[in-house]
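Subject: Two-chain model, handover

Hello,

Please find the structure below, followed by notes on what was found in it.

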Amino acid sequence: MSASEPRCSEQVAEYVTGRLVGEARERFELALFSDPDLLAAVESESALRSGFRELAAEESSKLSVLPQRSRARPSASWLAMAASFAFGAVLTALSVWPLRSRLPNNTTYANVQVALLEATRGAASGPLLTVSAAAPRIVLQFPVVNSSDSASYSIALSGPALFARQFDGLLADGDGLLSVEMPTADFAAGSYEARISTLARDGTRSEYQRLAFELRR
Amino acid sequence: MPNGFEPGPAAAISPDAALAARIAGGDRAAESELVRRYTRPLLAVLQQRVRQHEAARDLVQETFIVVLERLREGRIDEPDRLAGFLRQTAINLAIGEGRKQQRQRTDAMGEQIGELVDESAGPLRQLERQQLSGLVRRLIGELSVERDRDLLWRHYVLDTDKDELCREYALSTEHFDRVLHRARARLRELMEKNNVSH
């Protein structure tokens, strides 16, 4: 595997953005140890992405576009990313997704929608999530209770029209939240289920929680 | 041979196995070589798993401490797969660190810690980030084709899908990849020239 040619660009980008998972990621990472060109491509891609977003965040902070924090605020990295989205929209003369706070657990930062999904004790049905097609990206957050046996988490999302997404190797952030990010265009209205499982250090996988939710556009 | 066996043809020894053998034999230069050879790939792997650059750097150090200890004691089962061992050790440490941080967090402290972490990049890291954004600004300024500027911005900042960009700008995916490849190469060049790390 060599990244001296642009043909590897896609895989490098997939790796840097966390879209390369499982065995493919393992193979790719092992190749980093023996392919200096590939390693350089990953470093450059990562630097380019960080640099662009840092630049956008700098400009965004000049515009003071960030809203007040809500209880379920996204982590700092998401805020920076959201800020960068806002400035990017300005730079490219695209319309900026209006900043507005909705429910505390469903907030739009620039044009990234951040939604906290948690089961409500005693509720007859799962949470209702309203997704706006005008926010191009959505971050779904799931609270988890720390388990000393858990090495990582996986989330299997299923929904209408055979919708299925699998996220592996997730770690809870400092707020005890698992976050997954997707284009909002991927979601159709309907009933969804998130199955969260834990992977113990001994390799044992067990179901942690199932959460059903309704999605409305 | 005293036991009646004749030695077979010398098996080809991998560079990793040779390095492991030298470290097990007490060769300090080999230890330095291990660190030099594998710091960058380890950092790349760890940066995918931990958000903070400083934390990734610390974990690289911890990985070497663990692995060197094992190598010095000759307790590596497959020395020719040293890269795999380094990678797995780094991942295990990252997972352990994540769990440790979560245990230390209390609800009362969570917000404060979050804010501290937000500000914890430190002046050096902040300077590096500013330098990096400055180089990207320069890179953008150097692009003579406006389409390439828009394309890079929309790809890296707005996360616009590659296929969508190719359709919109009537580009082949190969052309798109070439634009990215050139940008990466130029940024690498600028970073090396200005001694900026990421």
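Helix 1 (residues 15–24) and helix 3 (residues 53–72) of chain B pack with their axes 7 Å apart, at an angle of about 75 degrees. Helix 1 of chain B is therefore roughly perpendicular to helix 3 of chain B (angles of 65 to 115 degrees count as such, under 35 as roughly parallel, over 145 as roughly antiparallel and the rest as oblique). Axes are lines fitted to C-alpha atoms, for helices over the stretch in contact, and angles run from 0 to 180 degrees between N-to-C directions. On the helix 1 side, B:A20, B:I23 and B:A24 meet B:L68, B:L71 and B:R72 of helix 3 (a contact is two C-beta atoms, placed from the backbone, within 7 Å). By class, this contact has five nonpolar, no polar and one charged residues (nonpolar: Ala, Val, Leu, Ile, Met, Phe, Trp, Tyr, Cys and Pro; charged: Asp, Glu, Lys and Arg; polar: the others, Gly among them).

This is a predicted model: local features need pLDDT of at least 70, side-chain atom pairs count only at pLDDT 80 or more, and totals for chains, interfaces and linings use all residues. Residues are numbered from 1 along each chain as its sequence is written, and chains are lettered from A and ligands numbered from 1 in the order in which they are written.

Chain B has nine helices and zero strands (DSSP runs numbered from the N terminus: H or I of at least four residues for helices, E of at least two for strands). Of its 198 residues, 31% count as buried (20 or more other C-beta atoms, placed from the backbone, within 10 Å of the residue's own; exposed is 12 or fewer, partly exposed in between). Helix 9 of chain B (residues 173–193) has 21 residues and should span 30 Å at 1.5 Å a residue, which agrees with its end C-alpha atoms being 30 Å apart (the expected span is 1.5 Å times one less than the number of residues). Its buried residues include B:F176, B:L180 and B:L187. B:N195, which follows helix 9, has a positive phi, near 55 degrees.

Chain A has four helices and nine strands, and 42% of its 217 residues count as buried. Its pLDDT (the predictor's confidence in each residue, from 0 to 100) averages 71, with 63% of the residues scoring at least 70. Confidence in chain A is lowest in helix 4 (residues 76–91), at a mean of 47, and highest in helix 2 (residues 22–32), at 94. Over residues 62–77 of chain A, pLDDT stays under 50. Where pLDDT is low, the predicted coordinates should not be read in detail.

Regards
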